[in-house]
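Please work through each task before reading its solution.

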Amino acid sequence: MAIIAAETEEGSHDAHGRRSFHLSPSTISYLQATPLIAILGFFFLLPIAMIAVVSFWDYDFAGLYPDFLTMNYTDTLGSWVTWKTYLNTLKFTAIVWALTLVIGFWVAYFLAFHIRKTSTQMILFLICTVPFMTSNIIRMISWIPVLGRNGLVNSALIKMGIIPQPIEWLLYSDFAVVLAMVHLYTLFMVTPIFNTLMRIDRSLFEAARDAGASGWQVLWNVVIPLAKPGMAIGTIFVVTLVMADFSTVQVMSGGQSASVALMMKNQMSLLQYPAAAANAVVLLAVVLLMVAAILRVVDIRKEL
């Protein structure tokens, strides 16, 4: 047996006496994964490594100077402005996540359990994706004539006599930022939850009802626990998108609010690339910690 095993790993002779080699299954697996590893390494790991290296460089108004300084990190983490900006970003993230989770779950629940025909489900789901055929900027700007001082909402409320004068905080405020983000990112919560709900065995509902469970008990004890992987995937999407969003904060707040991504964008506009790189590394670490916490709570491997 030992001789046969050795021949399998090192090689064997065919009928004509020529030596042929046989690769082990593990070696074949590594060879098959090599193209993907090369692509991820070049387009993902290498840029991150370059950002991490640049974050330790020195700079001034004239250029960048390769060095190994911790000044960029001490300036970033030692500033109360940075901490206040991070707290503001986390506030947007928490509010948008909560709203998209509630809206996304009920939209996915309606599509999965209240629409009987698969074709109708697909049509309604495609209707939900129609706004995403336009750019984020266009969908974001479309809120300005709706929420503006003389926009549709204020004009309608004044004509109905509900308010005597226009509401100022509808536009260029944190409310407008949250509303635009919920509009932009809800579909990223709907899709994974809908995918998870469609995989639930419907016989579980019948078993729960036969056991005397009410509709709300079925929802709370059967549907929501089984939908947690989809919720976790949607949460990862929404959290990463909101944490990295700067255009929505800049446009919808009218420059009155701030986020970490917007701070990085302003630093790059001033050619402060090492400082922006240090902020990017810190932001990446924060996002990875949040994703790791989500993965510790919910196992999403079945959905991948």
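Relative accessible area sorts residues into buried (under 20%), exposed (over 50%) and partly exposed in between, using a 1.4 Å probe and protein chains only. The model is predicted: local features need pLDDT of at least 70, side-chain atom pairs count only at pLDDT 80 or more, and totals for chains, interfaces and linings use all residues. Residues are numbered from 1 along each chain as its sequence is written, and side-chain values use heavy atoms, with hydrogens and water left out.

**Exercise 1.** Determine which residue forms a salt bridge with D174, and classify both partners by accessibility.

*Solution.* 
1. The partner of D174 is K91, with 2.8 Å between the closest N and O atoms.
2. This pair links distant parts of the chain, 83 residues apart: D174 belongs to helix α9 (residues 174–185) and K91 to helix α4 (residues 80–114). Helices are DSSP runs of H or I with at least four residues, numbered from the N terminus.
3. D174 has a relative accessible area of 31%, so it is partly exposed; K91, at 34%, is therefore also partly exposed.

**Exercise 2.** Locate the partners of the salt bridge between R149 and E168.

*Solution.* 
1. The closest N and O atoms of R149 and E168 are 1.9 Å apart.
2. R149 lies in the loop between α7 (144–147) and α8 (152–159), whereas E168 lies in the loop between α8 and α9, 19 residues apart.
3. R149 is partly exposed, because its relative accessibility is 46%.

How values were computed
A salt bridge is a side-chain nitrogen of Lys or Arg within 4 Å of a carboxyl oxygen of Asp or Glu. Helices (H or I, at least four residues) and strands (E, at least two) are DSSP runs, numbered from the N terminus.
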